Every structure is written in structure tokens, then in C-alpha cells.
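Reader: I would like to go through this model label by label. For each one, I will ask what stands behind it.

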Amino acid sequence: MSAFAARQKLLGLSAAAVASAAATTPNVDDDDNNGDIIDRNTSAKSFFTRDNFRKALQAQKQEPSDDVDEKPVARPRKRKQGPKDELPAEGREEGRQVKSQFPNLSEPIPTGRRRVIYYSSQRLGQTNIQLKANGRMLLKLLDGERLVILGSYGIKVREGELTIAGAFLSKSDLIHWVHAPLCHALPVIRITSDATIELHPHPGARSLRQLASLNPAFGKLWNESDDVASGQVKKAISTFQIIFTSDDGPKRGGIQELVSPAEWNKQLADVLDSKTKATPVVFLSGPKSSGKSTFGRLMANRLITGSGLSRQPWAPVVVLDLDPGQPEFGPPSVISLNKLSSPNLSPPFCHPALDSTTAQLRAHTVASVTPSLDPDHFVACALDLFHTYKTNPSLNKLPLIINTPGWIQGTGLDILSELIRQTVPTEVIYMSQDGPEETVDGLKAACQDKKIPFVTVPSQQPQGQQLSSSTETTTTSGGGSSRTALHLRTMQTMSYFHLLFSSLTATAPQGHQVQSQSQSQTHPGPTWSPTPLTHLPPWRVRYRGPRPGFLGILCYDHQPAPDLLAEAINGMILALVKIEDRAGAFRDFPDLLVSPQEQHQQSKQSKQSQSVQQFKQSQSQKPELLICKTPRESLPHLPNPQGKTLSPAHSRVLGLVLVRGIDVKRGELQLLTPLPFEVITEKDQDLVLVAGRFDTPSWAYAEDLHRRQWERNNAAARNKAAGHAGQQSLVFGGGAKMEIDDDNGEDGDQSDETESVGADEVEERPEMERVKALHDGTSEAQPWVEMLHGSQGRAAGSKVWRVRRDLGRR
């Protein structure tokens, strides 16, 4: 073979290789060099001719591709062609808009060397998808098909049956509302019988996403577009997005599905079968991040809805939430007894509180995110909640799910063992098959004393295994967006304080729900206020005078000196506790209660100046408390040198409050709380503010700062895009530069031009100036915190230090 012929043959082989790479990687990212065969800046004409490219492309299509990592899914039945598969006539005109709004629906699923993960079973087309008015979407799906949806939506089953997050949903007029963010595993919709479903936009999605303008922890969680170039405005999008493959998901975060192992499914089926035996009381225990909350949510949904049309549900279900660090229903530090009548299809920060009249039956605070502050008090609170369930005839016939904290060794094991002996559940489930051996043996011993079945099931799937092709970052909470336990607690607390309690009982907007004759309609969920807390007028609660708003301040654990109490609670979170029986609640405080002899003596001395009726009223009054006052502010406080706690049998928590400020001149506390007016102004109720070891609400001080940065970013993008034709609106929530990232970049000191915020960079304005600016409407000029640039506000010779949070990362 001549040199010329060899060169021609070699060029032909190169052309085939290049064509093969081009055909198999049509959508490779610019930063993905694994799929690039030729230089993007080089013209393809210098490598091969058009005929050679066409031949190589045809040869590539005929060869099987083994490079695609496809998720095993059920193969749907072959759809028969016929008039019955056509959509209704009234929607055909709207159905023509599908291709313009979803241009990728009819395109083939990309294949190639890049790792592609399949989430939904097939692409939708105009034959099985139809757009309706008000953003609704009608889908026709076959048995065995599946859908994974990112965002907030409502699902209504018009025909057939499906499962989602352990709940079986069949034909009904009910709309079940779902929040599916990236920081948690996305629920999978599985069709168990040929179904026609209707997806609705969530009415509370906008207010929830607007919290991203106040804290970057709420950003990049939904079906939002990735970061755009500077000056480019983000497009307005729907509240949900169907995820077909990993290419459809966000590029900066992975997607993980909500997976229930076979052992979990067997246990769920066994609990549902116990309906013919006895009322199930299931005790869930296990290490941290083992899936207790997830498994409890699946079990509650299964018990509420049943398992298919052949089995009747238990609904409603009672949940005893005993995890103060990661509560399912309520803010951190609060444990509660809750009654659920509809499936729970949202993560905890999407329902930080329940309606206290119908859903949340009773709650207590341990004034900490862990039971270690006072284990005895934690057990007493838990047993009081269980006693409420056991003694209520309308509750003790309903299933009970007890979710416990992840403290399983040492004192934590003693707490679990004591709760098992006192509650005597019908079954104890340990969410791990890897020990530790000491814990398993201790729980088994507690179960053997009461002859309680003890079952072990595997922990939930390790986080971060199911990720998109563009990232390999390990995540927490089953999602692709990095959130630590502290981030999730912050989101839960912040969501609670921005919650609009009126939305918990308000009627649903018209056009989103249709009332069923046989069942009550599911509530669309709460809504939130996106206004920074520093811009809200606080409650002014009087603590001096004849009618104070509360009895006093009681400190659990640490006892500050009286002259330091004001500084200790100012700007901190306190629990608002209602005293149901003064003598019973303070039974462990003998020094605070006035003895009956002293009270009788005082009444006898004042008898001469009172009428008989007034004397009888004084005899029936509540026991008096010895309340002390701080020397400077005259704050009422209850001395507690031994660190005692209120009796949970005679008290309960109403909610949390944030001390906005202390007005010494007027004798008032300025409090911020989402609690409704009727709860905190009820007549003849004794209220106590409890201080403890709550998380420091640093997020509240920076909300105004984040909001200003968010507004500046959006204003700059709006100004640069003003000259473009067809200007589009901004996506609700989120700023272009607001994000959570564990990796802060390269090592080294930060330059003076870079903006940074830290604990040593907070400039606090005088309290009275902030209050005056707030009421004068000029709070824009008086922020609580300010961002300092470089060495501004620092001593000479000092510099900005950077702290890396990924020191152990490889």
C-alpha cells in the first residue's frame, strides 16, 4: 500500500471516530472534556467529508451503545393505536401548545459516553399530554410507568390508581399537594393501573420560594434555571418540572429518588395487615440519618390511604414526634402529638406548624435541639404526650407512630429503653442492621421484658449515590443540594417564623380544588411572608404595670445573673409556655409558691376592707408566685438555681418567640412570633417565657442584608435587559449570587475587594435608633447588619481571615 493510500485510509478511520463521538454526545457541557473528540474551535470540514460523516453516522446508529447507565424501569405495555388514545376534543387546541412549551418532549433521549440516568419511564408527547387552563397539565399513563417531578404541584387522579411516597391514590376529586425540593429525595409517582392524572400548580409555591431572597439556604432547591450570565434575566417558569433523565435536572446539583427497600415494603405491608388484630403502636428507633423520619412518613401515608382498592385504610393516624433536633411537625426544640388525616407529601420545612385546633393536639418544648439538656424532663414530656393519646377515647383507637431522636448510646439508650417500657408498643423497629451491638442488645432487653416484637431493617440508601452526570458531590437529606443538619434546622426555624398561621385554616383558592361529597378536601398547605423580620412591627408586650402580658422569664439549664438577664435574652429565641395549673406546673419550685398559710393570713388581714363576695373571690384565686425583678430593667424572672423545669402534665408550649428588643422606658418586650392574635391574647391565661439552649437566630439578623443583595442583583439584571425585546419577568426567589457551597474556593487570604460576612463583621446599631427608624419608615437606612469591605471597620494591621469547611474533604 502506498503512503498516499495509507494516509487516505487513516483519515477515513478518523472521520468515523469523530462522527461517532458527535452522534453520541449531542449535548456535552463545555466543562466536560471526556466527551470532546475534536477541538470546538476547529472546523469539522478539515477532518472529513460530508459523505464519510453520513456513512459513519449510519454505522453508529446500527451499533448498540453500552455506555449509557440506564436505571432499570418497568417496561410499559405497547400502546395500541386507536381513537380511544386521543385526548378530548375540547383540549386539542390547547394541546398544540405542548411542543412550544416543552420542546424536548418529542426528542429522542440522548445517549452516549456521558453517564445518563433515567428517572421517568418515557418521553411524553402530544398523544398523552395536554395543557389545560391555569397552568394545569393532563397526563395519560399506562400501568408500570413512572414519573419524577421536581418542584411544587398538586396531583389529582381522574382515572386509575398510583402510588407516591407510600400513599395509594385512586380516582377521586381530591387534590393532594406535594413539595419536592432538591434537598430531599424526590417522591416517585408509580402507575399501578392505567391512569389519567391532572397536575396543578401549587398555590403556595411562590411564597415559599421567595424565602430564598432572605437566606441562601432556600436557593437552588426547585425547578429553577441554572445561573445565567450577568445582565440576563431569568425566565418565569412553572411551579414544577417533569424530570425524564439527568439531562433535564439542574446541572449544579444531583437528583435522588425516594427509595423504599424491599425490607421496608414488607414491614409496611405487615403493619397494614394488623388492622384485623390490634391497633398498631409502632416505635421507630435508629442512628442518625438512618431513615426514621422517612420510614415513618411512608408508614403514615400507607396507613392513611391503605394499599390499593382491596384494603381499607386506617385514616386518620396519630404521630408522636419526639425528635427535637429534626422534628417533622413543628420548629426545632419542640416535640408534639399530631393527628394526620391526609398523606404527608412534603419535607418538614414545608409544614413547620400544624393547625393547633385539629392537627397538633399537644406540644412541649425541651428548650434544646437535643434531649441531653435534661433527659428526665424529655422523658416526662414524651410520656405526657403518650398519656394524652392513651386517655383520649377518640385517639387511642387510631394507629400511633412514635419517632425518636438518633441518640442511641449511653444516656440516649437509657431514654429509648425507658420509653419502650412505658409506652409498650406493639412493635419496635430499629433502622439499622449494622449495630452498634450494645444498642441492639439494650433495646432487645427492653422489648423482652414486655414481650414486644423487635425488628431490624436496613438504613436508608446512602446519600448522593443517584446523581446527575455533571456532579459527584455527596449530599445530605437525600438530595443533590448540599444541606447539613444545621442548615435544615435553620430552614425549619426560619420557615416557622415567616409562616402565615391564617393560611393553615383558610379555605383553598377557587379553581384549585373541587369539593368531594364523600370526603373533605385536602388543604393546599401554608403560605409564607417574604418580608424580613426586621421590617415587621413587633408585638409590644407589657411586663410592668397592673396587667403584665406574662408571669415571668424562666431559664432552663444555665442561669444568668439577674443583671445580665436582659442581655442574655435580647435577640434570642424563647418558648411561650401556657400554664394550665399554676400549683401543678410549679410543684418542683416550692420556694416560688406562696404557702397556703401565708395566703390565708394575707386574705384574713384584708378581710376588714373587703366585702364577703370579694373575700370569697380572693379565696378562689390562683396561688401567688414570688417573682423577682432585674435591678436595671425590672424584668420579671423566676429564680431557678437548681435548674428545674415546668411539669409537662400541667403546661404546654404554644410556640416560639424572637425577642426583637427591650423597651426599658415603657416596660415592654418587643416580640416577633407567627402565632395568631387569638392565641397570645386569650383572657385569664398564665404565660411564661422559657429560655434555654436554642440555636442562635443569626439568620434573622442577616435577612435584610441578603434581601438588599438580592434586590441589587435583580435590579442590575433588569436594567441590562430593559433594551431587549420581549423582556421576561424574574423568577420568584433567589439571587444570582446567593448560594450554599461547602467549598469556598482555593486556600489563601481573601482580597480586599471581595465582600464577605462573618461574626466579627456585624455592626449593630443602637436599639432605639433601629426602633425609631422602623416606625419612621426609614428602616432602609438603618440595617441590623452591614457588609464591610476589606479592612473597613477593623483595627490597623488586621485582615480578613478565611475559614475552609472542607478540611477533611479529599
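Author: Start with strand pairing: two strands pair if DSSP finds at least two bridges between them. Keep in mind that this is a predicted model.

Reader: What makes strands S2 and S6 a pair?

Author: Five bridges join strand S2 (residues 137-141) to S6, and the two run antiparallel. The rule asks for at least two bridges. In one of these links, Leu138 has Glu198 in S6 as its bridge partner.

Reader: How do you know that S3 pairs with S6?

Author: Again by the bridges. Strand S3 (residues 146-164) and S6 are joined by 12 bridges in the antiparallel sense. The cut-off is at least two. Thr163 stands opposite Arg190 in S6.

Reader: Why is strand S6 called largely enclosed?

Author: Buried means under 20% relative accessible area. In strand S6 (residues 188-201), 10 of the 14 residues are buried, so the strand is largely enclosed by the rest of the structure.

Reader: What makes strand S22 mostly covered?

Author: The count of buried residues. In S22 (residues 651-663), 12 of 13 residues are buried.

Reader: Which strands does S22 pair with?

Author: One is strand S19 (residues 573-579), antiparallel to S22 over seven bridges. Val577 has Val653 in S22 as its bridge partner. Another is strand S23 (residues 668-672), antiparallel to S22 over five bridges. There, Leu658 stands opposite Leu672 in S23. S22 and S23 form a hairpin with four residues between the strands, and in it Gly667 takes a positive phi near 70 degrees.

Reader: Now the rings. How many aromatic pairs does the structure hold?

Author: The structure holds 10 aromatic pairs. The rings of Phe386 and Tyr389 have their centres 6.1 Å apart and their planes at 40 degrees, so this pair is tilted. The cut-off for the centres is within 6.5 Å; planes under 30 degrees apart count as stacked and over 60 as edge-to-face, with the rest tilted.

Reader: Where do Phe386 and Tyr389 lie?

Author: Both are in helix H8 (residues 375-391), three residues apart, about one turn of the helix. Phe386 is buried, with a relative accessible area of 8%. Tyr389 counts as buried at 1%.

Reader: Why is the pair of Phe586 and Phe589 called edge-to-face?

Author: Their ring centres are 5.7 Å apart and their planes stand at 70 degrees, so the pair is edge-to-face. The cut-off for that label is over 60. Phe586 is buried at 0% relative accessibility, and Phe589 is buried at 4%.

Reader: Which residues form one aromatic cluster?

Author: Tyr496, Phe497, Phe501 and Trp699 do.

Reader: How do you know that Gln492 is buried or exposed?

Author: Gln492 has 3% relative accessibility, so it counts as buried. The limit is under 20%. Gln492 is found in helix H11 (residues 485-497). Leaving aside neighbours within four places in sequence, its contacts include Pro327, Glu328, Phe349 and Pro352.

Reader: What makes Arg693 and Asp557 a salt bridge?

Author: Their closest N and O atoms are 3.0 Å apart. The cut-off is within 4 Å. Arg693 lies in the loop between strand S24 (686-691) and helix H18 (698-720), and Asp557 in the loop between strand S18 (552-555) and helix H13 (565-569), so the pair ties together parts that are 136 residues apart in sequence.

Reader: Why are Arg693 and Asp557 called partly exposed?

Author: Arg693 has a relative accessible area of 43%, and Asp557 has 37%. Buried needs under 20% and exposed over 50%, so values in between are partly exposed.

Reader: What joins Arg632 to Glu567?

Author: A salt bridge between their side chains, 3.3 Å from N to O. Arg632 lies in the loop between strand S20 (628-629) and strand S21 (636-637), and Glu567 in helix H13, so the pair ties together parts that are 65 residues apart in sequence. Arg632 is exposed at 52%, whereas Glu567 is partly exposed at 47%.

Reader: Where do Asp704 and Arg708 lie?

Author: Both are in helix H18, four residues apart, about one turn of the helix. Asp704 is buried, and so is Arg708. Elsewhere, salt bridges that share partners join Arg362, Asp384, Glu580 and Arg652 into one network.

Notes: Residues numbered from 1 in each chain as written. Predicted model: local features only at pLDDT ≥ 70, side-chain atom pairs only at ≥ 80, totals over all residues. Heavy atoms only, no water. Phe/Tyr/Trp six-rings, centres within 6.5 Å; stacked < 30°, edge-to-face > 60°. Buried < 20%, exposed > 50% of the residue type's maximum accessible area, 1.4 Å probe, protein only. Contact = heavy atoms within 4.5 Å.
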